[in-house]
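Dear colleague,

I am handing over the structure we spoke about, and my notes on it follow below. Please read them with the model open beside you.

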Amino acid sequence: MFQPTIVVVGNGMVGYKFCEKLIAKSSHFNIIVFGEESLMAYDRVHLSEYFNGKSANDLSLSTASWYTDNGIKLHLNDPVQEINRSEKTVHSLKGLTIQYDYLVLATGSSAFVPDIPGVEKEGVFVYRTIDDLDLIKAYAANAKVGAVMGGGLLGLEAAKALIDLGIQETHVIEFAPRLMPRQIDSAGSGMLLSKLKSLGLNIHLNKSTSAFVGEHKIEALRFNDDTSLNIDMMVISAGIRPRDELAKLAGLHTGTRGGIIVNERMQTSDECIFAIGECALYEGMIYGLVAPGYEMADIVASYLTGGEKGFYGYDMSTKLKLIGVDVASFGDAFITEPDCRTIVFEDTHKGVYKRINISNDGKYLLGGILIGDADAYNMLLQTVNNKITLPPNPEDLILGSRGGEASEGAGVMNLPDEALICSCEAVSKSTICSAVNDGACNIDGIKKCTKAGTGCGGCVPLVKDLIAGTMKANGQYVKNVICEHFEYSRQELFDLVKINKVKNYDLVLDHFGKGDGCEVCKPAVASILSSLWNDVIVKQDTIQDSNDRYLANIQKGGTYSVVPRIPGGEITPDKLITIGQVAKKYGLYTKITGGQRIDMFGAHVNDLPEIWEELIDAGFESGHAYGKALRTVKSCVGSTWCRFGLHDSVSFAIEIEERYKGIRAPHKIKGGVSGCIRECAEAQSKDFGIIATEKGWNLYVCGNGGSKPQHAQLLATDVDNATCIKYIDRFLMFYIKTADPLTRTATWLNKMEGGMSYLKNVVINDSLGIAEKLDEEMQQLVDTYHCEWKEVVENPNLRKRFAHFVNAPEEKDPSVKFEAMREQVKAQW
């Protein structure tokens with residue numbers, strides 16, 4: 001049987017997706033792929049994760065065996081050099097000549113490099129491929145100041161890469177008057193600018209670079225306004241150019257500003273040659289996202305197998321996380337009045353900007369922009385795409401309903417069946433729901449049978465909601481299982497481990513799990529064991545957090561921090577002297593933290609036991625800065641010294657910190673005690689916070705700072721010391737027993753049905769009849785407290801673990817280097 005030969009030029013994400021789509025539709029093709037890089041197709045969307053520990057294999061979309069098993073001939077590191085349209089052949093760099101019946105150009109794009117004097121100098125890079133990242137990584141090891149040209153999406157991704165590589169000072173140079181001008185408006189850009197500056201980025205807008213200055217390597221940038229900036233390295237990320245040079249040589253029609261012109265079938269001016277992805281120009285537009293590239297791949301595969309699917313433009317809505325900041329735009333983001341009505345919410349304190357554009361009759365959502373908080377993005381996008389009628393108060397879409405009930409018709413289950421949930425793979429709501437009905441009851445199962453969520457990953461929260469909603473509609477019990485190795489939620493496994501008195505990971509796996517475990521369930525089980533039995537963490541088979549391994553937070557440069565507990569921030573002169581002596585002896589950098597204690601940085605791993613031996617002799621204990629445990633209970637000076645103080649907040653803070661020190665939980669816990677309503681201890685931003693009143697104490701719970709701050713909520717008013725502690729006991733124990741892994745108390749409460757009213761009933765009114773049990777369990781944890789570092793210091797076998805070289809325990813890590821900074825030292829990285 002005749003098998004047409006299809007040659008694919010380009011083995012990037014879109015080229016790979018075309019192969020995948022085609023073999024899913026038919027096996028009657030002979031497929032040959034040419035790739036320019038030496039690596040197989042990999043995930044460029046998450047390229048920045050290469051600097052966070054992911055390898056090229058982790059980013060790879062497939063394996064060599066996948067190509068072989070599907071009969072695809074793959075030629076890597078062998079770009080096509082010429083297309084002979086009359087003979088229907090391609091010629092590669094390595095001398096191969098292949099005849100084709102159909103040719104698919106998936107050549108993608110290249111980084112736009114402006115013609116600036118000095119651009120060829122050493123230390124100037126582009127940010128496009130894994131090879132580029134390897135070069136950047138190697139050069140950054142000896143650089144302190146880096147700059148990125150381009151304040152768009154790729155430029156900010158490159159800036160994050162420099163930060164992840166430990167560049168001390170990172171600059172972003174943008175020619176336009178605002179960041180990300182194609183995705184967000186001026187107000188949103190201003191909010192993003194403020195957030196990025198607060199994270200340490202230096203942003204330069206309206207800057208035009210005139211020259212890269214330096215002898216052989218780059219040393220500075222010169223701008224058109226006669227200013228300059230001294231730098232050690234430069235990453236250019238100023239946009240992309242479609243790779244159309246091969247098409248031009250072959251005489252295919254291309255756009256005046258680049259790109260291979262295609263019709264709705266993705267055919268070029270030669271009906272046997274197709275172009276897909278960032279090299280394709282459809283009606284004057286290059287689509288620079290992966291989702292439209294995947295759609296183009298599906299259209300060509302459909303056409304070649306007799307389908308009638310066409311390309312008529314694509315929604316460019318997108319949600320991103322840039323250096324920890326949520327950024328999203330959807331629908332018609334830039335439409336303005338009088339063509340629409342605009343609702344804007346702006347919170348400069350939290351760095352949140354939300355804008356939605358609605359039709360003048362108030363019926364439909366047209367588009368919008370989200371900065372700092374994009375949790376609502378998926379549902380807002382669905383509301384636009386499916387023309388869902390807006391609620392009477394459309395501001396609820398970005399502010400949340402203030403009436404206590406969800407808007408009628410809201411929610412993922414009310415979307416139409418044809419709603420496109422995963423745009424990357426073109427997966428609809430009905431397809432996902434059908435897969436759930438057929439037995440795919442978790443995200444991994446949905447990914448395997450529908451591929452939803454395997455592209456950019458932005459749809460995963462919506463997919464999870466659909467799974468839960470479909471199962472609930474079918475009357476099935478929706479289980480929030482830990483992972484594939486345990487068919488239990490954390491709460492269920494907690495109870496099973498307790499009832500059966502299991503005390504190590506292997507036994508938990510043997511009794512209640514399957515397989516060998518993974519990096520999800522190991523720390524979760526370690527958390528359960530720690531919270532139940534309060535054993536020394538380093539004696540466990542596995543650990544709750546990677547920092548638990550050495551009872552210290554690992555820092556840049558391979559050094560560790562030393563953080564003794566200082567309850568309530570109160571410390572004697574003798575203990576201060578000890579900290580100074582220890583820091584001097586071991587060359588540690590010292591800093592007073594926001595949690596009212598003194599941290600010491602720069603310790604070698606084999607020095608840790610000696611350092612802690614001296615600190616313990618002076619009366620210090622572990623501060624648990626490395627663990628998912630109580631960190632600090634911050635206090636003001638209270639009535640002891642302050643003329644406004646109503647009660648002795650320091651003594652109460654010390655009593656509370658001494659009570660809960662060392663108690664392990666699903667996440668870290670922080671507390672605060674303020675002696676009056678002036679709130680100097682910031683108690684309302686803590687997991688539990690106590691504020692003095694004329695009659696006693698007000699107790700607040702479930703607050704946190706961080707990237708998404710949340711005020712604590714009032715649990716009890718005007719209680720005495722004993723009652724306050726009793727309620728904290730119950731609150732913390734209820735949290736420890738019921739929260740999901742790595743969930744802060746604020747998130748735990750947000751997900752709790754009934755919210756604060758329910759929590760009050762459990763803690764204060766004992767609505768579940770478990771108050772006495774919670775009291776007993778907390779007291780058991782309090783009574784079994786031990787200082788983990790004291791245990792290590794006094795145990796020779798445990799001390800042996802703290803060595804960089806097992807066969808030379810006295811030798812320190814030779815790669816650790818220090819440099820002077822403000823009369824102290826910091827680690828080089």
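Contact is taken here to mean heavy atoms within 4.5 Å, and the notes on what covers or touches what rest on that cut-off. Please keep in mind throughout that this is a predicted model.

I begin with helix H16. What covers its buried residues includes helix H14 (490–500), helix H15 (505–512), helix H21 (721–738) and helix H24 (771–783). The buried residues of H16 are Cys-521, Ala-524, Val-525, Ala-526, Ser-527, Ile-528, Leu-529, Ser-530, Ser-531 and Leu-532; since ten of its 13 residues are buried, the helix is largely enclosed by the rest of the structure. Just after H16, Asn-534 takes a positive phi of about 55°.

Next comes the open sheet, in which five strands follow the order S3-S2-S1-S7-S19 with parallel pairing. Strand S3 (73–75) and strand S19 (273–275) are the edge strands, each of them pairing on one side only, and the twist from one strand to the next averages 15°. Within this sheet, strand S1 (residues 5–9) and strand S7 (residues 102–105) are paired in the parallel sense over four bridges, with Val-7 standing opposite Leu-103 in S7. Helix H8 packs on the sheet, where it touches S1, S7 and S19, and its direction makes about 155° with that of S19. Helix H1 (residues 13–25) lies across S1, strand S2 (30–34) and S7, and runs at about 155° to S1.

An antiparallel pair can be set beside this: strand S13 (residues 209–213) is joined by four bridges to strand S14 (residues 220–223), and Val-213 stands opposite Ala-220 in S14. The hairpin of S13 and S14 has six residues between the strands, and in it Gly-214 takes a positive phi near 150°.

Which residues touch the most other members of the largest nonpolar core? In this core of 76 residues they are Phe-18, Leu-105 and Ile-276. Helix H8 (residues 290–304) supplies the largest share of the core, nine residues. Apart from this core lies another, of 60 residues, among them Ile-663, Cys-724, Leu-759 and Met-778. To return to Ile-276, and leaving aside residues up to four places away in sequence, its contacts are Val-14, Phe-18, Val-104, Leu-105, Ala-106, Met-266, Met-296, Ala-297 and Val-300.

Turning to charged side chains, the structure holds 35 salt bridges, of which I describe a few. The side chains of Glu-788 and Arg-664 meet in one of them, at 2.9 Å from N to O. Glu-788 lies in helix H25 (residues 788–793) and Arg-664 in the loop between helix H20 (649–660) and strand S33 (669–674), so the pair ties together parts that are 124 residues apart in sequence. Are these two partners buried or exposed? Buried means under 20% relative accessible area, so Glu-788, at 3%, counts as buried, and so does Arg-664, at 2%.

Other pairs have other surroundings. Lys-790 and Glu-794 meet through their side chains in a salt bridge of 2.8 Å, N to O; Lys-790 counts as partly exposed at 37% relative accessibility, while Glu-794 is exposed, with a relative accessible area of 54%. Lys-826 forms a salt bridge with Glu-819, the closest N and O atoms being 3.4 Å apart; here Lys-826 is partly exposed at 24% relative accessibility, whereas Glu-819 is buried at 14%. There is also a network of salt bridges that links Lys-17, Glu-20, Lys-21, Glu-425 and Lys-451.

Finally, I would draw your attention to Ser-649, which has its place in helix H20. Ser-649 is buried, with a relative accessible area of 0%. Not counting residues up to four places away in sequence, Ser-649 touches Ser-635, Cys-636, Val-637, Gly-638, Val-673, Ser-674, Gly-675 and Trp-697.

With best wishes

Technical notes:
Residues numbered from 1 in each chain as written. Predicted model: local features only at pLDDT ≥ 70, side-chain atom pairs only at ≥ 80, totals over all residues. Heavy atoms only, no water. Buried < 20%, exposed > 50% of the residue type's maximum accessible area, 1.4 Å probe, protein only. Helix = DSSP H or I, 4+ residues; strand = E, 2+ residues; numbered from the N terminus. Core = buried A, V, L, I, M, F, W, Y, C linked by side-chain atoms within 4.5 Å. Salt bridge = Lys/Arg side-chain N within 4 Å of Asp/Glu carboxyl O. Pairing = 2+ DSSP bridges. Axes fitted to C-alpha atoms, helices over the stretch in contact; angles between N-to-C directions.
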